[in-house]
Amino acid sequence: MSDIYSILVIDDEESILRLLERELTTQDRIVHTAQNAREGRDKLSRQRYDVVVSDIRLPDADGLDLMVELKGRYPDVEFILITGHGNIDNAVEAMRLGAYDYVTKPFHLDRVELVVERAYQRVCLQRENRSFRLSHSTASPSKLVGNSAEIKQIRYLTGKVAPTDVPVLITGESGVGKDVVAHSIQSLSTRSSKPFLVKNCATLQKELMRSELFGHTKGSFTGATDNREGLLAFADTGTLFLDEIGELPLEVQGALLRVLEAKRYRRVGEKNERQLDTRFIFATSRNLTEEVEAGRFNDALYHRINVFHITVAPLRERKEDIPLLVEHFLGKLGNAMGNSNLTVSDRAMQCLQHYDWPGNVRELRNVLERSIILSENGIISERSLPRDLVERAETSGLDSSIFSLEQMEREHITRALAFFNGNRQQASKALGIGRKTLYRKLERYNM
């Protein structure tokens, strides 16, 4: 929902148009006018409106018929019908066909303004409900955890790009947390309170992919028994995160490119284009440069979505983040599983830090979830970890490793900070050192 919403008034009386345009226009409302049904259809096809106020008698159409027609095309729009020939039968029929309300001439401006405001509130509620139904099954995102140089760089980049509306491409191996970066961008953006829809392109049915993205009209293809909105409509004024964008077929890539360039789209089977106000975030575990060279990804689309690129490093390249990630997941999973006092033995932590994590952060979370079940007295020991993980950690040199004092001190400080949720004063007291000493060590270890 936009903080500023738009109203279209359709009436053949010039005096009514001027009156409503002048009286309904505020800092929060934009009012446009049309003198007949044809002009109203044209304006609705070129711009998004939230509320339509229409005379029930127009020179080129019946107001009820026009409302039914336009509600089929734009189901999110609320209609208020005005007539000088009102009667209870017309009022009942208008409400039955989908009108939000019905007022008669001569009308009180206060009454019209109140009805318009309430109609917009319903628009907001309907969009929020549909956005929730589409995204409520997605697990609540994890926060961006870590103090490695790679994570610090990502925090810097997300902070810079979040307030803008430019497309963002997030790349990295499967399981590194590309979705977490996308959620971080959304939470820091000016659209943080607006719809945020997440769709994994790999889960879209190939035959219905265009319909799921753009929507369709009744009868546009076999099985299209009614009008249906797509993800673009639901994400209007908000953010659409398309994960695994490399899975889109070439023909759909071309249609998406037109959307990004023109900020307009049309549903399958629909002639009129719609205006779009949506921020796009993309992610992929594929190498899109190689996909373009192989002819599997649209070159123009690649350059259009690659305006701002963020790469998420695999966990094996930022193992210093593992202790903080472990603390984070133990807190999150422990509370969910009814065990909030969990610790990891030193030997188990060494195993976790010597393992290469081919499944990245997702694999770490899954391992910890299993290990919590096998923990004894709240302690996750080496025995709680998967046997193959321990063996591969030992193969990588766990037993023969001799940790330097600096490495052990760094890890100990990291765990202390995680335990006290980053509070340096409490961490310094627990470590038995002064705050200035802790700050010097943090600077020395680039933490």
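A residue counts as exposed when its relative accessible area is over 50%, and as buried when that area is under 20%. With that in hand, let us take a friendly walk through this predicted model.

**Confidence**

Across the protein chain, pLDDT averages 85, and 91% of the residues score at least 70. Strand 8 has the highest confidence, at 98, while helix 4 (residues 88-96) has the lowest, at a mean of 72.

**An enclosed helix**

Helix 7 spans residues 178-188, and eight of its eleven residues are buried, so this helix is largely enclosed by the rest of the structure. Which residues of helix 7 are buried? They are K178, V180, V181, A182, H183, S184, I185 and Q186. Their packing partners include one helix, helix 6 (149-161). The other partners are strand 8 (168-171), strand 9 (196-200), strand 12 (239-243), strand 15 (279-284) and strand 16 (308-311).

**Aromatic rings**

The model holds four aromatic pairs. One of them joins F280 and F282, whose rings are stacked at 5.8 Å centre to centre, with 5° between the planes. Are these two residues buried or exposed? F280 is buried, since its relative accessible area is 2%, and F282 is buried too, with a value of 0%.

F280 also turns up among the neighbours of V166. Leaving aside residues up to four places away in sequence, V166 touches V161, R279, F280, V307 and F308. V166 sits in the loop between helix 6 and strand 8. At a relative accessible area of 30%, V166 is partly exposed. V166 and A283 are 117 residues apart in sequence, yet their C-alpha atoms are 14 Å apart in space.

The crossing of helix 13 past helix 14 is right-handed. Where they meet, helix 13 brings I322, P323 and V326, and helix 14 brings M349, L352 and Q353. By class, this contact has five nonpolar residues, one polar and no charged ones.

**Residues in loops**

| Residue | Relative accessibility | Class |
|---|---|---|
| G219 | 59% | exposed |
| E244 | 12% | buried |
| N377 | 81% | exposed |

G219 belongs to the loop between strand 10 (215-216) and strand 11 (228-229). Why does G219 count as exposed? Its relative accessibility is 59%, and exposed means over 50%. G219 and G230 are eleven residues apart along the chain, with 16 Å between their C-alpha atoms.

E244 is found in the loop between strand 12 and helix 10 (250-262). Its phi is near 50°, which is a positive value in a residue other than glycine. At 12% relative accessibility, E244 counts as buried, because buried means under 20%.

N377 lies in the loop between helix 15 (360-374) and strand 18 (379-380). What is the phi of N377 near? The value is near 55°, again positive in a residue other than glycine. N377 counts as exposed, at 81% relative accessibility.

Conventions:
Residues numbered from 1 in each chain as written. Predicted model: local features only at pLDDT ≥ 70, side-chain atom pairs only at ≥ 80, totals over all residues. Heavy atoms only, no water. Buried < 20%, exposed > 50% of the residue type's maximum accessible area, 1.4 Å probe, protein only. Helix = DSSP H or I, 4+ residues; strand = E, 2+ residues; numbered from the N terminus. Contact = heavy atoms within 4.5 Å. Phe/Tyr/Trp six-rings, centres within 6.5 Å; stacked < 30°, edge-to-face > 60°. Left-handed = near helix turned anticlockwise from the far one by under 90°. Nonpolar A, V, L, I, M, F, W, Y, C, P; charged D, E, K, R; others polar. pLDDT = per-residue confidence, 0-100.
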